[in-house]
Amino acid sequence: MSDASGDSRWKQTLNLPRTDFPMKGNLTQLEPRILARWEAEDTYRTLLRKNAHGPRFVFLDGPPYANGELHAGHALNHVLKDIVVKSRNMAGLLCAFRPGWDCHGLPIEQAVEKRLRERKVDRRSLSRDEFLAACREYATEYIGIQAVVRKRMGNFALWDEPYRTLDFPYEAQELRELARIARRGLIYRRKKAVYWCITDQTALAEAEVEYEDHRSPSVYVAFRTGPGTPGLLPERRREPLSEAFPALRGREVDLVVWTTTPWTLPANLAVAAHPTLEYVFYDLGARVIVVAKDLLARVLGEIAPDHLAVKTLAAAGGEVSSAALVEPRRILGYAAGKDLAGFAYRHPFVDRQGVVVLGEHVTLEQGTGLVHTAPGHGQEDYDIGVQYGLDIYNPVRADGRYDDTVEPPGLRGVKVFDANPRIVQLLVDRGVLLNKPTDTVEHSYPHCWRCHNPIIFRATPQWFIAMDRPLDTTGGLDATLRGMALSEIDQTVTWVPEWGRSRIRGMVENRPDWCISRQRTWGVPIPVLLCEGCGESVVSPELMERVADAVEKEGTGVWYSAPLERFAPSGLKCESCGGPALRKETDIVDVWFDSACAFAAVSERWPDMGLPGDLYLEGSDQHRGWFQSSLLVSVASRGHAPYREVLTHGFVVDGEGRKMSKSVGNTVKPEKLIQQMGAEIVRLWVAAADYRDDVRLSESILRNLAEGYRKIRNTLRYALSNLYDFDPAKDAVPEPELLPLDRWVMARLDDVVARVRRAYDEYDFHLVYHALVDFCGSDLSALHFDISKDRLYTWKASGHARRSGQSVLHRVLLDVTRLLAPVTSFTAEEVWEHLPARPAPSVFLAGLPVATGRRDPVLMETFDRLFSVRSAVQQQLEAARRDKLIGSSLEAKVILHADVEGREFLVQHLRELPTLLIVSQVVLEKEPTERMVRTPAALPGAGHLAIEIRKADGAKCPRCWTYAPEVAAGADVCPKCQEALS
């Protein structure tokens with residue numbers, strides 16, 4: 001029937017829907033009101049008090065950096081976290097979520113320096129304490145800015161109990177973790193090649209390095225072999241390479257290396273060969289070159305292409321072309337890599353002798369099979385240098401310029417990247433450049449994640465946490481940090497998605513020792529000492545503990561301002577020389593160590609949390625960032641992972657799948673989306689996407705989600721509008737007494753509850769969204785609401801049939817609203833406000849519904865068949881409308897015929913069929929008529945269903961608009977309405 005009637009006399013007798021719940025969300029007005037209510041009623045803390053004695057779910061916030069405004073990636077991350085917080089708390093778990101911020105480090109230093117320049121303040125005029133205070137002020141300011149947006153998204157958190165890495169207690173706990181690690185003998189200082197940003201003049205962690213395409217020089221350099229000088233480490237062979245092999249006697253023999261960093265050649269000390277690779281001696285005319293046999297053709301293609309010819313061979317299915325030597329006799333001999341070890345060479349332009357060493361890192365992937373080795377400028381080079389006792393020589397200063405030790409003198413003071421063309425020309429002048437000086441190569445090169453400039457490897461004295469040093473066996477730990485971390489990754493932690501395990505495993509398996517020192521000011525100091533006499537380091541866990549106690553009260557500035565005697569244990573001396581003169585280290589700790597200590601500074605210290613945590617949730621880049629650093633600190637200090645489960649989400653990309661970038665102009669600020677469409681749509685966007693992949697964001701995607709939101713809202717509004725006269729305490733119909741269709745809906749609802757609860761438990765939030773949207777659109781709107789509308793509107797208001805329908809609507813609202821609450825939090829709370837006899841003041845205090853698992857298989861099978869009949873009849877009704885036979889479906893009479901088993905089924909449900917099909921009459925014929933259309937339907941047996949549509953008998957009832965013979969015979973209304981009015 002229609003919501004209106006042409007006769008107002010009858011309209012007044014209808015149970016037409018009414019509700020104060022608005023059709024439009026008006027989210028930008030609704031959401032601030034709901035936020036104010038949550039704050040006034042302290043809803044989240046009330047929820048925590050309710051769950052105080054329940055099982056804990058320890059969920060630690062991975063701290064965003066307190067610099068700049070939030071972007072779309074933050075919105076994805078924070079909403080995902082909020083869905084976890086709300087779903088876990090509504091499941092009865094105690095999930096106390098404290099928002100965190102990472103506050104130290106270079107970006108804030110740079111931002112403060114820029115702000116000082118704008119205010120015409122010279123940083124050099126500030127004391128250390130004054131500069132630290134300015135950094136603290138800046139970070140605190142942006143924490144406030146970001147917190148406003150995070151709250152506006154509707155996120156539940158203990159906003160008045162945030163953790164910030166700049167808080168004194170946090171900084172103190174960080175130093176205590178450092179002391180724990182020091183006690184296990186894992187902290188050491190060494191001159192070592194590390195990633196170095198010459199723009200920011202500081203060491204970088206692996207997580208602070210990004211790889212971008214970069215064009216570099218490509219040079220093949222000849223290193224002339226000669227007699228070795230005895231007594232040098234590693235031990236040189238006295239005889240030159242040309243005398244060791246008869247075929248080379250009397251010839252000039254050159255080792256050929258390839259490099260894309262000519263600026264590192266001044267620091268060359270060795271050439272590495274692989275011990276088992278085969279090398280070839282090839283006569284190039286003026287010189288004999290040594291390269292890996294399998295790379296000879298490629299190398300000749302770069303330096304002497306006229307020595308190659310294209311050779312075509314017949315092969316199955318066609319011909320194969322390959323490069324072949326023009327004169328194979330130019331190959332003078334072969335040698336294994338191990339047979340080259342110890343032979344000496346002269347540096348191409350420095351008065352220095354180098355030597356051939358062996359290294360497993362040498363491959364045939366590129367180059368010549370001989371690797372230029374500068375221990376001060378590469379991790380593998382450094383390892384070889386340590387193995388062979390080479391000097392870890394680094395002639396490059398912090399600003400990227402050569403120092404005064406470099407040769408030739410003309411390079412002194414030159415920036416390394418500016419030196420590349422000079423060195424290439426030097427190689428040309430010396431006659432040792434074998435390819436064209438203009439040759440370049442585009443390749444992936446490390447860049448600083450902050451300034452996005454190319455970086456270098458540079459050997460400097462740094463502090464490290466050892467990955468492969470045995471842990472202190474007095475603590476019962478005889479494994480290495482790397483081994484224990486890998487064991488935790490494999491055996492203890494669950495990774496969502498599963499590929500996260502192999503990703504982080506590969507990173508931990510191959511990473512070098514962790515460089516934890518930074519040459520900056522704004523951060524937590526490394527409280528260790530250096531001997532004034534011999535320069536060796538003094539690491540004292542007791543001193544670290546004393547500094548931590550002072551920092552907890554006074555902040556990190558106390559390390560620099562207080563006298564050393566306040567912290568140094570009595571009688572502390574240098575272990576190397578015994579000298580008592582010690583000075584404080586001025587480096588600060590890597591900010592990744594800062595945030596990694598959150599498990600100890602936050603989870604362990606709050607009584608409503610604990611260790612290990614249940615979940616860490618961040619973007620996929622954190623496998624080499626926070627996930628990894630937290631794992632290493634926890635394993636190093638506690639012997640176990642800080643988390644039980646790690647969830648990874650992808651990045652936000654635009655509608656075309658492109659990475660969001662300011663330069664491209666496709667970035668989106670969360671606050672702009674909230675202002676335009678409401679936070680609820682942002683939350684739906686997060687929930688609807690499969691976060692395991694990159695998540696697309698565009699206006700069209702949000703518009704589609706807004707349409708989906710309207711469907712959900714209209715479904716909930718319809719249910720509310722039919723409960724205006726329903727009191728659950730008095731009017732609710734017990735489930736066994738519900739009408740069959742209503743019991744079917746209850747069973748479908750129970751299925752949805754089970755699926756959604758499972759999806760929340762397994763972090764499949766997109767399944768939550770799709771399950772609820774499908775239930776609202778298909779089971780409710782398209783079936784139950786459509787079919788039951790007539791009895792809700794026209795049947796007796798207090799009758800069993802209407803109360804049965806209302807009981808289901810109330811239960812649907814109770815359950816669906818609670819299931820939606822972690823996602824569409826604002827709308828769920830708004831619906832809850834209008835719900836009759838709501839069982840709790842807030843939807844979040846009502847808990848998630850629990851699936852009963854009860855279902856009647858016979859009932860479900862029956863309705864599967866009935867809905868199959870309905871679908872088949874609807875197709876014929878639509879055809880009848882097109883043929884102008886009927887208008888509304890209520891103008892129709894449906895004639896059915898089925899085979900024996902199907903007929904028996906239809907006879908059983910004949911009285912229900914007019915309501916189910918929304919027609920005025922249904923007749924079951926024993927024989928098919930000529931106008932019947934045979935259609936498939938899921939009836940018992942293998943028979944058929946035949947359908948004919950005719951005009952309904954009788955006249956239209958003015959109250960319910962169904963057709964009845966009684967109305968045609970003069971009755972005011974049809975028998976059904978007469979009963980409703982009695």
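How much accessible surface does the protein chain have, and what share of it belongs to carbon and sulfur atoms?

1. The accessible surface of the protein chain comes to about 40,600 Å², by the Shrake-Rupley method with a 1.4 Å probe. Carbon and sulfur atoms hold 49% of that surface.

2. A word on the basis: this is a predicted model, where local features need pLDDT of at least 70 and side-chain atom pairs count only at pLDDT 80 or more, while totals for chains, interfaces and linings use all residues. Residues are numbered from 1 along each chain as its sequence is written, and side-chain values use heavy atoms, with hydrogens and water left out.

3. Now the overall form. The C-alpha trace spans about 125 × 85 × 55 Å along its principal axes.

4. Finally, have a look at N155, in the loop between α6 (128-152) and β2 (163-164); helices here are DSSP runs of H or I with at least four residues, strands runs of E with at least two, numbered from the N terminus. N155 is buried, with a relative accessible area of 7%. A polar atom of its side chain lies 3.4 Å from the backbone oxygen of R150. Leaving aside neighbours within four places in sequence, N155 is in contact with H78, V79, D82, R150 and R683.

Terms used:
Buried means under 20% relative accessible area, exposed over 50%, partly exposed in between (1.4 Å probe, protein chains only). A polar contact is a pair of N or O atoms within 3.5 Å; within protein, one must be able to donate a hydrogen and the other to accept it, and residues adjacent in sequence count only if both atoms are side-chain atoms. Contact means heavy atoms within 4.5 Å.
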